[in-house]
Amino acid sequence: MTDAGTREEERERRHLAETMRLLNAELERLVDSIDRSAEFIQAQKEHLWEHWRDMDSSEKARFRVDVDLSVAQGEHSVKRRERVERLLESPYFGRVDFHPDTDTAAEAHYIGVHNFSDPETQEILIHDWRAPVSTLFYDFESGRAHFEAPVGTIQGEITSKRQYKIRGGQLEYMFESSLNIGDDVLQRELGESADDRMKNIVATIQREQNAVIRNETARVLILQGVAGSGKTSIALHRVAFLLYRFKDTLSSDNIMILSPNRVFGDYIADVLPELGEEQVSEIDFDRIAGKFLAKVTGYETFSEQVIKLLENGDEAAAERMRYKATPEFVAEFDEWIAARADEDFVPAEVERKSRRLSSDWVADAFEEARGLPIFTRLDRVASRAVNQLKRQVLDRGGGKWSSSDASSVRRQVHAMFPYKDALALYKAFYDDPARRGMFQPLARKRIEYADVFPLIYTMIRTARQEGYGHIRHLVVDEMQDYTPVQYAVLRELFSCDMTILGDSNQSVNPFSSSSLATIHSVFPEADCLELCKSYRSTIEITEFAQRVSRNDKLVPIERHGPRPRIVACSDERAQREEILGVVERHGESEHRSLGIICKTVTQAEALHGFLSEAGVDLTLLDYESTEFTGGVVVTSAHVSKGLEFDAVIVPAVDDANYADEMDRCMLYIACTRAMHELHLTHDGRLSRFLKFAAESAERSGDVDDETAGIHDQATKTPVG
Ligand SMILES: Nc1ncnc2c1ncn2[C@@H]1O[C@H](COP(=O)(O)OP(=O)(O)OP(=O)(O)O)[C@@H](O)[C@H]1O
């Protein structure tokens with residue numbers, strides 16, 4: 001390092017020491033204030049307890065207000081203390097020196113996970129990464145730059161940019177990064193071992209990612225991103241940004257994440273708290289289905305559908321799914337439902353206790369309720385008829401009016417519409433000869449998954465339903481796995497802003513997945529953004545996965561590691577031994593997590609049994625799991641969606657197991673979960689989707705153990 005460099009580093013160390021001193025002083029003050037609040041609350045409670053009988057009601061009320069105030073103050077201080085503690089671990093990660101055109105000199109702005117001001121001077125010592133000035137750090141290189149301050153756009157010049165890695169309050173390294181957010185720092189971050197939980201990436205957010213995070217104008221934002229492009233991370237950082245930007249009107253209670261399963265929900269659970277925000281609530285489509293259908297019908301779940309397709313390959317079922325998975329289906333179905341009231345409602349006379357309402361009266365009442373969903377409309381007509389007849393009976397001395405009279409009138413009105421409920425109406429849609437066979441119940445009271453959301457949509461379109469009115473922003477992850485009718489349901493239930501993200505290459509069910517264009521057709525007003533750079537895996541793993549399922553837009557990050565290995569084994573037993581060997585070697589390596597990703601949960605269960613008996617300490621993740629544990633995990637490709645591991649083993653990559661398009665999707669998902677190492681094993685003929693590896697091994701005569709792409713487990717000779 002040059003003398004100037006050493007002097008600069010010295011200066012930075014002094015700055016860090018001074019910041020730590022101020023943070024420690026603040027921590028002390030907060031701890032003191034929390035203790036005092038606690039003591040005060042305790043004393044007040046004791047006083048209240050002892051003098052309860054002697055106090056009048058206004059005195060008691062005053063006491064309660066005092067206690068409530070102290071509790072609120074205490075809670076506020078606890079939150080602040082948590083923030084200061086986080087800052088003490090790592091006060092800041094970046095610095096940008098900016099010289100506004102209107103000022104005489106540049107000023108250094110340090111950027112961290114939270115704001116922190118000098119308690120005495122109120123000078124901002126650390127800017128929250130979400131503050132307007134922090135955009136300078138993320139969006140600009142050295143030279144001309146600007147940011148939006150409350151007073152307007154500030155133009156100026158960036159004279160220097162730096163990045164730091166501070167851990168436990170100690171400066172580990174710093175970089176001058178006048179260009180992009182330092183590749184050096186990014187490389188180091190990406191090269192680290194996977195955590196048990198998704199972590200925040202505030203220090204290395206890239207410019208194109210920042211554009212997604214800070215987009216304030218889109219009501220609906222659709223983000224298509226290749227595997228490992230940071231979509232999920234970005235969506236969570238976006239939530240944190242919106243909570244900061246609109247803190248007066250938006251709180252974590254107003255935000256919901258629709259995630260693919262509970263394991264994934266658990267995996268991402270730490271990101272928002274790490275960013276100083278409360279965790280937001282979560283939901284998934286299975287829970288929405290449960291809420292609507294619990295009392296209506298039994299139904300197949302999404303995972304059961306995936307299992308059915310993977311294990312049995314039911315072409316007729318696939319055909320039904322395909323039919324119900326298009327925007328045309330929603331349009332046709334919408335039109336059909338809308339026509340039912342006019343075409344199928346037949347007004348008739350209503351009679352009770354010799355009093356009558358003519359069919360014209362009924363027709364008028366029905367017409368007046370136009371605009372309401374059909375079953376709500378029928379209820380409205382029935383209520384009016386009940387009131388009318390009741391009045392006639394009572395006014396004209398016709399006797400008593402009981403609840404059974406009211407029920408009879410309601411029944412008569414509802415009988416004018418040939419369908420008793422949404423389920424009957426939905427089934428009737430398939431009476432049309434052109435659609436016959438497209439509805440196939442699994443049992444008398446159990447419908448296929450492909451019918452679950454069309455039925456829920458029918459319920460929403462035909463009767464008023466309770467939505468999620470308090471939600472003001474919905475994040476939808478794995479968008480490609482949801483059909484247009486599911487989006488139609490979301491539209492009805494959530495009339496709020498949305499961030500919708502996913503990757504069309506990672507569909508778990510190609511018969512009912514949605515492309516970006518399809519989703520855009522459901523939300524024509526949406527802004528569509530794309531992330532093409534892939535950060536998770538080494539270039540060797542990314543290129544390998546690309547050959548399983550190509551996406552020409554994908555740009556891998558330049559980070560190297562060992563080439564993926566495909567190991568051919570003589571039989572099933574030898575394959576299990578090979579897997580055991582990889583697991584044991586993993587235990588001795590510097591890597592932490594290992595995912596053994598099978599095609600199906602049934603295969604994962606069998607392998608879990610074998611490895612447990614062999615003494616491996618591991619966890620099985622299946623559709624019932626709710627927690628992500630890290631360490632050695634056995635799971636299926638479907639359950640592994642959204643997760644990542646230092647090393648991944650994909651067992652049974654033979655041609656019988658990975659043969660059709662759906663299998664290809666599963667193989668792609670499994671391979672793209674790996675950050676640093678990827679191993680694939682098989683006995684029998686290699687899957688057609690991996691033929692490229694056999695061919696390239698043949699071409700290169702590649703037999704070397706460590707670098708070989710593919711080799712025979714017994715002979716170490718190339719396979720192909
Ligand atoms: N700017 C970044 N700085 C550091 N790490 C990043 C950055 N962007 C993404 N990553 C890392 O890349 C990995 C993938 O991120 P994430 O899981 O959010 O991607 P994804 O697009 O949702 O992936 P997939 O669709 O394959 O599940 C994570 O380890 C994340 O921390």
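The legends below describe close-up views of a predicted model.

Residues are numbered from 1 along each chain as its sequence is written. Because the model is predicted, local features require pLDDT of at least 70 and side-chain atom pairs count only at pLDDT 80 or more, while totals for chains, interfaces and linings use all residues.

**View 1. The largest nonpolar core.** This core has 159 residues. A nonpolar core is a set of buried Ala, Val, Leu, Ile, Met, Phe, Trp, Tyr and Cys residues joined through C-beta atoms within 7 Å. A residue is buried if 20 or more other C-beta atoms lie within 10 Å of its own, exposed if 12 or fewer, and partly exposed in between, with C-beta atoms placed from the backbone. The residues with the most contacts inside this core are Val239, Leu667 and Cys671. Leaving aside residues up to four places away in sequence, Cys671 touches Ile541, Phe544, Ala545, Val548, Val650 and Leu678; contact means C-beta atoms, placed from the backbone, within 7 Å. Another core, of 16 residues, lies apart from the largest one and includes Ala365, Ala385, Leu389 and Val409.

View 2. Helix H13 spans residues 359-368, and its buried residues are Val362, Ala365 and Phe366. Helices (H or I, at least four residues) and strands (E, at least two) are DSSP runs, numbered from the N terminus. Seen down the axis of H13, the buried residues fall within an arc of 100°, so they line one face of the helix; the arc is that of the directions from the helix axis to the C-beta atoms. These buried residues pack against strand S12 (350-352), strand S13 (355-357) and helix H14 (374-395). Exposed Asp360 and Glu367 are carried on the face of H13 turned away from its buried side.

**View 3. Strand S4 and its partners.** Of the 5 residues in strand S4 (residues 124-128), 4 are buried. Strand S2 (residues 107-112) runs parallel to S4 and is joined to S4 by 2 bridges; strands pair if DSSP finds at least two bridges between them. Ile111 stands opposite His127 in S4. Strand S3 (residues 116-117) is antiparallel to S4, again with 2 bridges, and Ser117 has Ile124 as its bridge partner in S4. S3 and S4 form a hairpin with 6 residues between them, and Gln122 in the turn has a positive phi of about 65°.

Notes: Two residues are in contact if their C-beta atoms, placed from the backbone, lie within 7 Å.
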